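Hi,

Here is the structure I promised to send over.

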Amino acid sequence: MVNTLVIVNDSSRRTEAASAARALGCELLIEADPRELREPEFVLLFAADGVSLQQTGRKAPGPVKVDFLSGAVNHRRLFGGGKGQMIAKAVGVKARVKPRVLDTTAGLGRDAFVLATLGCQVAMLERSPLVWALLNDGLQRAQLDADAELAEIVARLSLSSMDARDYLQAPPADVAPPDVIYLDPMFPSRGKSADVKKEMQAFHQVVGADTDAADLLGSARALATYRVVVKRPRKAPDLADVEPNYRLEGKASRFDVYTRQKLPDELNP
């Protein structure tokens, strides 16, 4: 993860901004303009319209923000899409089967939101304080401004700030094991190729790759009741060099499915 700092331009958000700065171990600036800064390259900005990851400098691209109310994520909710169909099949979603999913690498929450749209309860884990701040803000804004349908979807999502390795090795005794565990480790960036959006280039650069992702697979397979699903770039090697029971392939990515037992005909409907 590269160096960053926290800026707060909304007085009502100073407490949470200060908390984020402490978690990140970085400086907190009050009432500063990222466009006027030359370093560090990125800042975590707390403003009246939300929390965003913003590149500094006058020619910087737009911010990275979690937004469940508009954009591609909400478009998939309203109009569907192939990705939702493929992840549904990977997780095992059917009309009367809505698995409880533990998303161990929540990131910007896009796949978790798709699963919640499909009817799954999704517990998200995110270890990066910076990413957690972005995702938590997106959930809070969605809860405040959602229509009835979106409010029901967001209610199926929960978020915890913790390392998935700690959770998998010592899961809480008062929480039932998840039906499905979902892993989408951050893969090393493909650089500045045309198919990588500028916002995701920034996100990859700041957060970095999950180089310890292989450590999660064994623990996940021991904890999940029915299956573990791993999202990978289509041509990437198997996580931890462990071959899945089967794969579902798309144009750019694939889902590797490690089964423990067959899903029942009815589950958490």
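Are Tyr182 and Phe255 buried or exposed? Both of them are buried (under 20% relative accessible area, with exposed over 50% and partly exposed in between, using a 1.4 Å probe and protein chains only).

Before the rest, some housekeeping. This is a predicted model, where local features need pLDDT of at least 70, side-chain atom pairs count only at pLDDT 80 or more, and totals for chains, interfaces and linings use all residues. Residues are numbered from 1 along each chain as its sequence is written, and side-chain values use heavy atoms, with hydrogens and water left out.

On to the rings: searching the whole structure turned up two aromatic pairs (Phe, Tyr or Trp rings, the six-membered one for Trp, with centres within 6.5 Å; planes under 30 degrees apart are stacked, over 60 edge-to-face, the rest tilted). Phe68 and Phe113 are stacked, at 4.9 Å centre to centre and 15 degrees between the planes. Phe68 sits in the loop between β4 (50-55) and α2 (71-79), and Phe113 in helix α4 (residues 110-117), 45 residues apart. Helices (H or I, at least four residues) and strands (E, at least two) are DSSP runs, numbered from the N terminus. Phe68 counts as buried because its relative accessibility is 1%.

Tyr182 and Phe255 make a tilted pair, because their planes are at 40 degrees, with ring centres 6.4 Å apart. Tyr182 is in strand β8 (residues 180-183) and Phe255 in strand β11 (residues 253-259), so this pair ties together parts 73 residues apart in sequence.

As for disulfides (cysteine sulfur atoms within 2.5 Å of each other), the count is zero. Cys120 is buried at 0% relative accessibility.

Cheers
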